[in-house]
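Here is a short walk through one protein model.

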Amino acid sequence: MRNSCLGFIYCLFLLFASFTLMGVASLVAEGWIIFMELYPGFALYRGLYEFAEYALQGNSMGTDGMKWGNMSDSENGMSDVMIIMLLEWLAVLCIAYYVDQIFASGSGKNPKYLLQKFRKKRPSSFRRPSLGRQGSKVFVDMDKPDVMQEREKVEQILLEPTTTHSIVCDNLRKVYPGRDGNPEKLAVRGLSLAIPRGECFGMLGPNGAGKTSFISMMIGLTTPSSGTAYVEGLDIRTQMDWVYTSMGVCPQHDLLWETLSGREHLLFYGRLKNLKGSALKKAVEDSLKSVNLFNGGVADKQAGKYSGGMKRRLSVAISLIGDPKVVYMDEPSTGLDPASRSNLWNVVKRAKQDRAIILTTHSMEEAEYLCDRLGIFVSGGLQCVGNPKELKGRYGGSYVFTMTTSVNDEREVEQMVRRLSPNAEKTYHMAGTQKFEMPKHEVSMANVFQAVEVAKSRFPVYAWGLSDTTLEDVFIKVANSAQEFHTLT
Ligand SMILES: Nc1ncnc2c1ncn2[C@@H]1O[C@H](COP(=O)(O)OP(=O)(O)OP(=O)(O)O)[C@@H](O)[C@H]1O
């Protein structure tokens with residue numbers, strides 16, 4: 001519809017141009033004609049009109065029509081037409097480029113980005129301390145010393161000429177532009193992170209936290225709205241073609257060709273990674289063996305006939321072929337049965353020796369088993385970073401006590417817990433089941449066991465338990481407090 005309207009308006013202008021030039025050209029001042037030629041369709045028509053005039057004259061007089069020499073003739077105005085069309089072509093080219101940068105899918109640049117580009121001319125490795133720049137965010141980050149420390153580490157690394165860190169994210173940010181009346185979405189807010197070779201970094205976070213948006217930027221599917229990241233020293237904004245050669249990806253959903261076999265997939269991706277001849281054959285066989293897809297003719301079966309677990313293992317094998325220095329795995333074990341998952345974990349564990357791996361997962365067990373360090377990501381921001389033990393120590397300095405009784409005895413349970421630990425906090429309560437967090441320094445195990453024995457003699461206790469903080473407790477605590485903060489701000 002829009003195209004038809006534009007076409008119609010364009011034709012109207014052509015008609016108007018032909019009427020003006022043929023009918024009243026002699027009555028209209030040359031200045032007005034030049035003014036009208038600012039409309040591209042009019043200028044084009046004027047040019048064609050003059051060509052036609054010369055051709056007609058040429059036919060009747062036996063000459064050649066318009067020649068280069070006639071272009072400068074002030075009578076026909078061709079020099080004005082050519083200059084106007086050339087300048088307009090340049091202007092429209094620039095406008096088209098600018099509009100494309102703002103509206104192209106995934107790029108989502110701020111309309112003022114050109115101004116910002118001119119304002120911030122600095123070498124990519126130069127960084128100022130982010131404290132001052134973040135303004136009101138400083139308060140938030142001060143609350144997260146580990147995140148601040150990571151940011152400072154990144155700033156330090158960026159000042160060094162060489163580094164052992166395979167991935168360095170420098171204040172990476174992603175904003176999706178608002179569409180169809182929806183406001184713009186800040187999916188990743190200023191992420192700074194440094195991951196050395198040989199480390200598997202786990203990215204945990206609730207649904208919609210921004211993990212996939214982060215990975216999409218790192219693998220070149222979308223461009224950062226601001227900030228950047230360096231992969232093996234290469235800038236993802238400007239050197240993505242080189243980054244691809246040292247990168248492997250296992251996406252959240254298997255991207256496989258149903259009619260190709262597992263072996264053919266690996267041969268294809270191996271060739272893309274520049275492997276040839278016997279080196280390619282060996283890499284494919286090793287890869288198939290490592291993910292248990294080699295024996296029994298499985299390697300030559302069509303991927304469409306693979307089970308979900310086999311497809312997932314093939315995706316992981318694809319991400320590792322060609323010895324990439326950096327690998328991204330987006331929820332690699334989703335949908336796998338326990339045996340296949342354990343198999344896959346062994347593959348990943350072996351693979352991380354000489355490379356950096358970023359892995360997103362919803363499984364705390366997987367994170368604890370595979371990852372050297374973890375980051376909990378909520379509402380687009382990193383809330384904490386550290387190894388699983390550190391995080392449990394930092395966020396879980398308490399025992400979790402659970403007891404299930406009849407609803408009538410709930411008060412007694414609560415009083416018992418208060419006597420054991422005056423600062424205990426009730427974290428869950430549902431139909432007779434209560435959960436309390438008791439600070440470790442207030443509680444002695446022996447007292448808890450004794451108190452439970454006394455309680456059992458006074459009222460029926462259906463179940464009880466005392467556990468150390470799990471990674472899941474840490475995750476829930478961090479995610480809830482961050483979500484509360486973002487709802488309030
Ligand atoms: N192309 C897009 N345009 C607009 N908003 C988007 C787009 N892609 C993602 N989002 C929004 O950005 C936020 C982060 O989404 P993202 O998929 O990165 O989260 P996630 O942590 O990977 O979630 P999950 O664990 O469910 O995969 C969500 O609120 C999502 O709705």
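Strand S9 (residues 373–378) pairs with S10 in the antiparallel sense, over 5 bridges. Strands count as paired if DSSP finds at least two bridges between them. Helices (H or I, at least four residues) and strands (E, at least two) are DSSP runs, numbered from the N terminus. Across this pair, Phe377 stands opposite Leu382 in S10. The hairpin of S9 and S10 has 2 residues between the strands, and Ser379 there takes a positive phi near 45 degrees.

A word on the source. This is a predicted model, where local features need pLDDT of at least 70 and side-chain atom pairs count only at pLDDT 80 or more, while totals for chains, interfaces and linings use all residues. Residues are numbered from 1 along each chain as its sequence is written.

Strand S10 (residues 381–386) has 6 of its 6 residues buried, so it is largely enclosed by the rest of the structure. A residue is buried if 20 or more other C-beta atoms lie within 10 Å of its own, exposed if 12 or fewer, and partly exposed in between, with C-beta atoms placed from the backbone.

Now step back to the whole chain. The protein chain has 19 helices and 14 strands. Of its 489 residues, 31% count as buried. Contacts between residues at least 6 apart in sequence join residues at least 24 apart in 67% of cases. Two residues are in contact if their C-beta atoms, placed from the backbone, lie within 7 Å.

Next comes an open sheet. Its 4 strands follow the order S2-S1-S4-S5, with antiparallel pairing. Strand S2 (185–196) and strand S5 (234–235) stand at the edges with a single partner strand each, so one side of each is left without a neighbour in the sheet. Strand S1 (residues 165–176) and strand S4 (residues 226–231) are joined by 5 bridges in the antiparallel sense. In that pairing, Cys169 stands opposite Ala229 in S4.

Which residues are around the ligand? They are Tyr176, Lys185, Ala187, Gly205, Asn207, Gly208, Ala209, Gly210, Lys211, Thr212 and Ser213. Near here means a C-beta atom, placed from the backbone, within 6 Å of the molecule. S2 and H9 are the elements that give two or more residues to this shell. H9 gives the most, with 3 residues. By class, the shell has 3 nonpolar, 6 polar and 2 charged residues. Ala, Val, Leu, Ile, Met, Phe, Trp, Tyr, Cys and Pro count as nonpolar, Asp, Glu, Lys and Arg as charged, and the others, Gly among them, as polar.

Move on to strand S7 (residues 326–330). Of its 5 residues, 5 are buried, so S7 is largely enclosed by the rest of the structure. In a regular strand the side chains alternate between the two faces of the sheet. Here Val326, Tyr328 and Asp330 point one way from S7, and Val327 and Met329 the other way. Strand S6 (residues 247–250) runs parallel to S7, joined by 4 bridges. Cys250 has Met329 as its bridge partner in S7. Strand S8 (residues 356–360) also pairs with S7 in the parallel sense, over 5 bridges. Val327 has Ile357 as its bridge partner in S8.

Thr469 sits in the loop between strand S14 (461–467) and helix H19 (471–488). It counts as buried, with 20 C-beta neighbours inside 10 Å. The C-alpha atoms of Thr469 and Gly397 are separated by 7.5 Å, though 72 residues apart along the chain.
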